[in-house]
Amino acid sequence: MAICFIENVVNDHPTGTLTFQLHDFDQRPKDKATGHEVQRDTSIVIPRGEEREYQDLMIPWDNARDQHLLVIAEFNGKRIEHRFKIYARPETAWDYVHHFNAGGELVAWVEAGTQGNAQGINWSGWELWLDSRGKVALRRKWRQGLSHKDAVLLGLGIAGGVVVLSGVVLAGIGGIAGVVAGAATGSLAAGATVAGGVVALVGAGAGLVSMGLSTFTTFWSVLAPSDPAAVQLDTNAGKPTLIDVAAGKPAYGSSQYSADYPPQRANDGGSAASGGWSPTGEDRRPFWQVDLGQPTSLNAIQLVSRQDGDQPETRRNFQIWASNNPDMSHGHVVLGGLDGEAGPNKGIFNLQVLDPTPYRYIRAVKTVDEYFFIAKLHAYARPTDLAAGKPAVASSVYSPEYTANKANDGGPIASGGWSPVGGDNASFWQVDLGEARALGRIDLVTRQDGDQPETRQNFAILASNNPDMSHGHVVLAVQGPRPRPFRDVFMAEIDDPTPYRYIAVVKTRPEYFFIAKLCVYGR
C-alpha cells in the first residue's frame, strides 16, 4: 500500500475541538514536541487554535480488520465523524485515500500513490485540519513519484522517445513498467515530487476538492437515487435561502447536438433526470454560457452532470468563468474548475464562490479537446452584504489609496483594500451597519495582491451595540498564530442570534494588518 504520513494536525475553529484516533491500527507515531506515542484506539484532542506535528502518523490501509483513521469535529453543539483509510483500485493499480461518513458510506476519494511500499515511489505527506467554518480537510502537501494520470500519459505517449514531464526528462522508457522501475531506482524522484493535491469534506457529506486558488472552494456530491431531480446545497440552517439567478435566463452554447439538447435545457428549471445541453461531437472546446441579466454577486454554482448515461469525460477538465463582457476573450476570471480524474457518475460539481465581485455572464468551458454535457447549471446569488457601503473607521490609514472604506466598498477583491500605517501596533477596522442586525456569516478577504503572512494571522472579529467596544463586546471568531493560506478568505459562521450594529476586526498581536474586503451577511 502507498504510505501517507499526516505531518501536522490543525484546529483553526474559534470554538470547536478536533479529535482523531487510530482505530485498530498498530503503528506508534509520536508527537514531535513531547515525544509521546499515539496509542492504538486512544483519542487525541486538538484544542482550538492549536497545531501539532507528528512523526510516522500514517493513514491506515485496508485489510481484514476495520482499521481506519477516525476524525471527529465538535462545534456549536454538533458532532461530525469522518473515517479515512487507504484502498487499492485494481482497475488502475493505484492506491487511494477513501473517506467514509459516520454511516460507513463512501463519499470521496483521492489518489495516494502506486501500490507497494517504497520510499521515492509512493510516499506522501498530508495535513489534517478543522477550519474556522467547521469543515474538516485532509490535504496532500507533497508526493513522491508520479501521479496515476501522469504515468498513464507516459505509458500511452512514449515508445522509446524523450518526454518532459513536470521538469523531469525521461528518455527511452517504453511504458508503465519502465516508469515504475525507473522510480524504484530513484531516477524519477528528483524533481518529480507533486504538491498541493487536496481532498476535504463538508460536514458529514460530500468530498471537497481545493483547486489551489483562494477565491473558490469546490466539492462533488451525488444526487439521491430516489430523487434524481433534487439539487441540494448546504446553505446552513437559519441562514438566508439561496436563489438560482440563472434559471430561465438567456443561454447559448458553442454548438448544439440536436433540437433535443439546446442550451436552454441546462437552466430551464426542469428535472435533471434526463436531458440537458449537449454540443456536437466535433466541438473540440465546447462551452455553455448564461446571461444573468445584470451583474450579480454569487455565493455558489452547481453543475449537475449527465444523469442518463455514464460519460466520465463530461465530468473533468472544465472551468467556470465569469465576466461582465459577453465576449470573454476581452477579459474574465476563473471562479473554479476541475482537472484530471473525473467526478462520480451522476455527480454534482459544487463551487462555493468567495469573490463577492458582481458578474453578469457565467460560462462553463472545457479546458481540453473532449466532449462535454451539462444536465443543469445553477448560479446562486449571494445574500445582501450588510456592510457594503456603510460607514467604516480604522485605527490608522496608510495612504489615500488604502482608506477604511476600501474594505467594504463592494468593489473587486483583486487589488486594494484597507491598510493601516506600518507602525500601528494596535490596528483595527470597524463598520457601522446602521442598525442592529442578526448575523449569519462574516467573510474577511485577505490581501490578494501581495503575500504578507502576518496579515493572515492573529486577529479577532468583534461585535457590539456600542461604537466604543471598550464598553463591552462579544468575540465572534478568532484566527490564531498560524497564517491562513495566501489569498484565503476567512469565513465565520455566526451562531449567536443577538442582533449587533457594530462589527470590528482587531489585531491580537502588534504586527501589520490588511483587509481586502469584509462582508457581513444576515440571517
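View 1. Ala-375 has 0% relative accessibility and so counts as buried (under 20% relative accessible area, with exposed meaning over 50% and partly exposed in between, using a 1.4 Å probe and protein chains only). This is a predicted model, where local features need pLDDT of at least 70 and side-chain atom pairs count only at pLDDT 80 or more, while totals for chains, interfaces and linings use all residues. Numbering runs from 1 along each chain as its sequence is written, and side-chain values use heavy atoms, with hydrogens and water left out. Ala-375 sits in the loop between β23 (359–366) and β24 (376–381) (strands are DSSP runs of E, at least two residues, and helices are runs of H or I, at least four, numbered from the N terminus). Leaving aside neighbours within four places in sequence, Ala-375 is in contact with several residues, including Arg-265, Gly-276 and Ser-305 (contact means heavy atoms within 4.5 Å).

**View 2. Gln-302 in strand β19.** Here we're looking at Gln-302, which belongs to β19 (residues 298–304). Gln-302 counts as buried because its relative accessibility is 0%. Its side chain makes a polar contact of 3.1 Å with the side chain of Tyr-380 (N or O atoms within 3.5 Å; within protein, one must be able to donate a hydrogen and the other to accept it, and residues adjacent in sequence count only if both atoms are side-chain atoms).

**View 3. Tyr-257 and Tyr-261, ring against ring.** The whole structure has 14 aromatic pairs (rings of Phe, Tyr and Trp, the last by its six-membered ring, with centres within 6.5 Å; planes under 30 degrees apart are stacked, over 60 edge-to-face, and the rest tilted). Tyr-257 and Tyr-261 form an edge-to-face pair, 6.0 Å centre to centre with 65° between the planes. Elsewhere, Trp-277, Phe-318, Phe-349 and Phe-372 form one aromatic cluster.

**View 4. Two arginines over phenylalanine rings.** The charged end of Arg-306 sits over the ring of Phe-373, 3.9 Å from its centre (NZ of Lys or CZ of Arg within 6 Å of the ring centre and within 35 degrees of the ring normal). Likewise, Arg-363 lies over the face of Phe-287, 3.8 Å from the ring centre.

View 5. Asn-317 isn't a glycine, yet its phi is positive at about 55°. Asn-317 lies in the loop between β19 and β20 (318–323) and counts as buried, at 10% relative accessibility. Asn-458 also isn't a glycine, and its phi is positive too, near 55°. You'll find Asn-458 in the loop between β27 (439–445) and β28 (459–464), where Asn-458 counts as buried at 4% relative accessibility.

View 6. The chain averages a pLDDT of 79, with 79% of the residues scoring at least 70 (pLDDT is the predictor's confidence in each residue, from 0 to 100). Over residues 149–218 pLDDT stays under 50, and the model has 151 contacts beyond four places in sequence for this stretch. Residues 222–239 are also below 50, with 37 contacts beyond near neighbours in sequence. Where pLDDT is low, the predicted coordinates should not be read in detail.
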